[in-house]
Amino acid sequence: MDAVGTLLESFDEDTRKALSSMMDYCRLTQSQRLETVKNEADLRQWKEKSLTACIDARKLELADPGTRRGLFMSMMRDHMHTLRSEETDYEGFEALVRPGKKEVCEVPDKSLGFGRCPCPIDGEKTRCCRLTTLDVVTQCAFSCAYCSVQSFYNDGRIEITGNLEEKLESLEVDGGIWHIGTGQASDSLLFDDRYGTISALARFAEKHPGIIIELKSKAKSDIGLKKWPGNMVFTWSLNAPTVIEKEEGLTAGLDERLSSARKCADSGNLVGFHIHPMVHFKGWQEEYRLVMEKITHAFAAEEICMISSGTLVFTKHVLKTLREKGAPSRVLEMELTPAAGKFSYPLDVRKKMYTTLFSYLPEEYRKNVFTYLCLEDPSLWLPALGREYGSDREFEEDMKRAYLSKAALRM
């Protein structure tokens, strides 16, 4: 079945029949049909009215048959542009339908999933930190609407790498590996240390003090009740309360995440925060100001390794998966602008969001906490952060210096 047919089959019978009839009546081409069913899928996710209820059928009837196709496409595009170009409105929008608990299994023969940061590899279209990723766990029990993990590991089973310590011992660590992130294919603290993964990573970190191991989470966790090796950084992905409530199903609340981070810092561990992905919704300025205020009120600059930010970014594969699943969400209610092989907000919107966000950060933190943009155009760094890099290598070296200098104080 082609892409048009696949999406049509995902709609209820009434919508499928009405939409098919309208597309036939207007004699849409195959590419126009694909655009139409994609828009219908987006409207379904946003819980907006169907296209057949929004298009003026009377105008189509009165139009000359030769111009009917163009008129339909024009009306549809105008309607979608109006919805996408405005700040997303979450008032009255119900939260995600939360899935059931996924099966969890430890897989002894599961190989270590080493990879690279998902920035483009064909040139420096984004300023990339050159992160090495380690997939100790694959699939996640949370249900964030924008998450790509659900698109790549969709069998509903969470797999944990067995015999992890033995496999880590076999790694040939060279000077090219210094920063390992463990939160790409799952949530790093989803199970705390229930399966011994954090302890295994800790012993690996102790043996390789020139490496930073970063754990990234949206969970409520007690992992920070003890002191871990100084070169392990415990980071939390934060967001505006509205986004957490509406788009980050089953995750811990903002205050719960910050409380977990506070426990880590109290035990002498290094913490960090990723305000990611920022969403352009009504009230975003005030809510992201609140996030920054909560961070700076609860943590001293010397306790924080980094504060990063990024916006919604989608690949074609993730867009396809989200539309076919049709779960209630408004993350796609945005102008999907091409951005380094993916899709994000227009550049001017992203610039406004970043410059606004980091303007809330007091000068003491701007000077003493490493800040950066994730998966972003290099032109946005100077207006948002007051500095820029000429290459990915420059960025990586500056990040390495900043991280290792703070980690050294906790060794």
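Tutor: A salt bridge is a side-chain nitrogen of Lys or Arg within 4 Å of a carboxyl oxygen of Asp or Glu. The model is predicted, so local features need pLDDT of at least 70 and side-chain atom pairs pLDDT 80 or more, while totals for chains, interfaces and linings use all residues. Residues are numbered from 1 along each chain as its sequence is written, and side-chain values use heavy atoms, without hydrogens and water.

Student: Which residue forms a salt bridge with E94?

Tutor: E94 lies in the loop between α6 and β1 (103-107), and its partner lies in the loop between α3 and α4 (51-54), so the pair ties together parts that are 47 residues apart in sequence. Helices (H or I, at least four residues) and strands (E, at least two) are DSSP runs, numbered from the N terminus. The closest N and O atoms of the pair are 3.5 Å apart, and the partner of E94 is K47.

Student: Is E94 buried or exposed, and what is the relative accessible area of K47?

Tutor: Buried means under 20% relative accessible area, exposed over 50%, and partly exposed in between (1.4 Å probe, protein chains only). E94 has a relative accessible area of 53% and is therefore exposed. K47 counts as partly exposed, because its relative accessible area is 40%.

Student: How many salt bridges does the structure hold, and how far apart are the closest N and O atoms of R77 and E35?

Tutor: The structure holds 26 salt bridges. One of them joins R77 in helix α6 to E35 in helix α3, so it ties together parts that are 42 residues apart in sequence. Between R77 and E35, the separation of the closest N and O atoms is 2.8 Å.

Student: How do R77 and E35 count in terms of accessibility?

Tutor: R77 has 43% relative accessibility. The value for E35 is 25%. Each figure falls in the range between buried and exposed, so R77 and E35 both count as partly exposed.

Student: What about E245 and K246: which of the two is buried?

Tutor: The side chains of E245 and K246 meet in a salt bridge, at 3.8 Å from N to O. E245 has a relative accessible area of 47%, which means that it is partly exposed.

Student: Which residues are linked in a network of salt bridges?

Tutor: The network includes one Asp, at position 42. Arg residues also take part. The linked residues are D42, R84 and R323.

Student: K406 is buried yet has no salt bridge; how far away is the nearest side chain of opposite charge?

Tutor: K406 is found in helix α17 (residues 392-408). Lys and Arg count as positive, Asp and Glu as negative, and His and the chain ends are not counted. With neighbours within four places in sequence left aside, K406 is in contact (heavy atoms within 4.5 Å) with L270, A301, E302, I304, C305, N368 and V369. The nearest side chain of opposite charge is that of E302, at a distance of 6.7 Å.

Student: How many residues are in the largest nonpolar core?

Tutor: A nonpolar core is a set of buried Ala, Val, Leu, Ile, Met, Phe, Trp, Tyr and Cys residues joined through side-chain atoms within 4.5 Å. The members that touch the most others are M232, F273, Y288, F314 and Y403. Beyond its neighbours within four places in sequence, F273 is in contact with W236, L238, L258, A261, I295, F299, I304, M306, I307 and S308. The count of residues in the largest nonpolar core is 126.

Student: Where does G386 lie, and with which residues is it in contact beyond four places in sequence?

Tutor: G386 lies in the loop between α16 (381-385) and α17, and it counts as exposed because its relative accessibility is 55%. G386 and L373 are 13 residues apart in sequence and 12 Å apart in space, C-alpha to C-alpha. Leaving out neighbours within four places, the contacts of G386 are R366 and W381.

Student: Is T15 buried or exposed, and with which residues is T15 in contact beyond four places in sequence?

Tutor: T15 is found in helix α2 (residues 13-25). At 15% relative accessibility, T15 counts as buried. Leaving aside neighbours within four places in sequence, T15 is in contact with E40 and S50.
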